[in-house]
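Please load the model in a viewer and keep the sequence at hand. The tour below moves from one selection to the next.

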Amino acid sequence: MELIEICKRAKDARQEMAVLSTDRKNQALLAVAEHLSAQKEKLIAANQKDMENGKKNGMPEALLDRLKIDDTRIAQMAEGIRQIAGLDDPVGEVISMKKRPNGLMIGLKRVPLGVVGIIYESRPNVTADAFGLCFKTGNVVILRGGKDAIHSNQAIVDCIKEALLKQGLTENAISLITDISHETAQKFMNMNGYVDVLIPRGGAGLIRAVVECATIPVIETGTGNCHIYVDESADFEMALDIIVNAKTQRIGVCNACESLLIHEKIVDAFTPLLLKRLEEKQVKVRADEKILQIFGNEKNVTAASEADWGTEYLDYKISVKTVASVEEAVSHINRYNTGHSEAIITNSYSNAQKFLNEVDAAAVYVNASTRFTDGFEFGFGAEIGISTQKLHARGPMGLLALTSSKYIIYGNGQIRE
C-alpha cells in the first residue's frame, strides 16, 4: 500500500478510535494478547527469516538479541498488552475544573494525540508495545520498522489486525509501512496534516536523522550513556552486584551502564574486586590514568580516551574513572551523559539527596541498577520509548505521554465585554 493511502486511512480511523469506551478498548487488547500467544509459531517462523538474514549480514550479537523472538518474548509481549488493559484509562480524565468570577467553568481534559508515527529499528517487541499503548489512549499508530525486522513486524501487525477485525474494530488502528527505503522514510517524516506526532526509537543516528529531517512534531527518545557512581560509603557487595547487572544483564539496551565512577578513597580496595567480577563476564575496561597506574597489568584494562567518557558501547566494554567527591561525580555525569539514567551507590543520605537533586537525567537511582528504566518495570505495562527531552514527556513514556489536553468550558450565556 502506498504511504499516502496508509496515512489517509489512519487519519480516517482517528475519530473512531478517539471515542472508543474504556471497556471496548480493554476487551480488544485482551483479544490481541490472546491472539499473539495463539499465533506464536507463525511469529517465530517469521522472525527466523530475519534472524537468518541478520547473521548472514554480520549483525552484532547485541543486535541479534534485540531482534530475536521466542516463546518467552512472545509471552512478554502478550503480558505487556494485558497489563495495559488493566491500567487506568487517562483519556477523558478532567484534570482540573475552576470557576471564573464571570461564572464560566473552565476545565482541562485529557485527549488522544491523534495519529502517532513511530520510526524504530530491529526490536519487534516495539511493534506490540506501541500498538497497546496507542490503542489504550485512543490513538492510531503508523509504524515504520527497520529492514532487519520486516518479517517479524509484518507478522505481529497481521496478528493484531486479525484480532481487531474479529472484535468488529477498524484494522487501520495500526499500520506498518513495508516500503523500507530511505525515500519513503523521508516522506513519512513530512506527512503533516496526517500524522500528529513522530517518535523515533533506536540508535543515535536514527534519532538525529528524525529530529533534523522531520517537519512533524517529534518526541525525542535518546541514547543511553548511563553512569554508576560508587561513593566512598558504598556497600561493596551491593555495588558489585548492581554494576554487573547494569552492564551485562543485557548489553544492547539503552539503560545498560556504560561508564563507572569510583571515589578515590576506595579505589585500592574496590577496584580489584570489580575487575575480577567484570573479567568473569568478559567485560573490557577503559580506565583513567590513576586506575591504569595501579591495575594496568590486568589483561582486560586499557587506557581510556576522552571519547570513552561519552560513548554508548552497547558491548562488553565499560569506562571507569576516579573522582574525588560526589560533586565531581555529578559534574562529570552532567557533562557526558545523554540525559537517560544515572545511579549512585552510597550509604550517605546527604550524598544520595545531592545526587538525586543535581544530576540532570530522566531517571536517577539510589542503590539500584539503571536497568529498571523501562515502562514494564515502572508499571506502565509497556513503553513507547524513553524520552530524554524535557518537553511534554520525560523518561519511560507510558499512557500519559500519549495524551494531550484540551480546555472544556461551561457557560450559561456569558459574552465578553
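**First stop: α3 and α7**

In this predicted model, select K42, L43, A46, N47, K49, D50 and N53 in α3, together with I150, H151, S152, A155, I156, D158, C159 and E162 in α7, which they meet. Coloured by class, this contact of α3 with α7 shows six nonpolar, four polar and five charged residues.

Next, display the whole of helix α3 (residues 40–56) and helix α7 (residues 150–166): their axes come within 7 Å and cross at roughly 160 degrees. Angles over 145 degrees count as roughly antiparallel, and α3 is therefore roughly antiparallel to α7. The crossing in which α3 passes α7 is right-handed.

**Second stop: a pocket beside α4**

Move to the second largest pocket, whose volume is about 230 Å³. Select E61, A62, L63, I251 and L314, which are the closest to its centre among the 13 lining residues. Helix α4 (residues 61–67) supplies four residues, the largest share of this lining. By class, the lining of the pocket comprises six nonpolar, three polar and four charged residues.

Finally, select helix α13 (residues 326–336) and helix α14 (residues 349–358), whose axes come within 10 Å and cross at roughly 20 degrees. How are α13 and α14 oriented, parallel or antiparallel? Angles under 35 degrees count as roughly parallel, so α13 and α14 are roughly parallel to each other. Their crossing is right-handed. To view the contact, show V326, E327, V330, I333 and N334 of α13 with N351, K354, F355 and E358 of α14. This contact of α13 with α14 has four nonpolar, two polar and three charged residues.

Notes:
Residues are numbered from 1 along each chain as its sequence is written. This is a predicted model: local features need pLDDT of at least 70, side-chain atom pairs count only at pLDDT 80 or more; totals for chains, interfaces and linings use all residues. Side-chain values use heavy atoms; hydrogens and water are left out. Axes are lines fitted to C-alpha atoms, for helices over the stretch in contact, and angles run from 0 to 180 degrees between N-to-C directions. Helices (H or I, at least four residues) and strands (E, at least two) are DSSP runs, numbered from the N terminus. Angles under 35 degrees count as roughly parallel, over 145 as roughly antiparallel, 65 to 115 as roughly perpendicular and the rest as oblique. A crossing is left-handed if the near helix is turned anticlockwise from the far one by less than a right angle, and right-handed if clockwise. Contact means heavy atoms within 4.5 Å. Ala, Val, Leu, Ile, Met, Phe, Trp, Tyr, Cys and Pro count as nonpolar, Asp, Glu, Lys and Arg as charged, and the others, Gly among them, as polar. On a 1 Å grid over the protein atoms alone, a cavity is a set of points where a 1.4 Å probe fits but cannot get out, and a pocket is an open set with protein on both sides within 12 Å along at least five of seven lines; lining residues have an atom within 4 Å of a point. Grid points are joined across faces, edges and corners, and a volume is the space filled by probe spheres set on the points.
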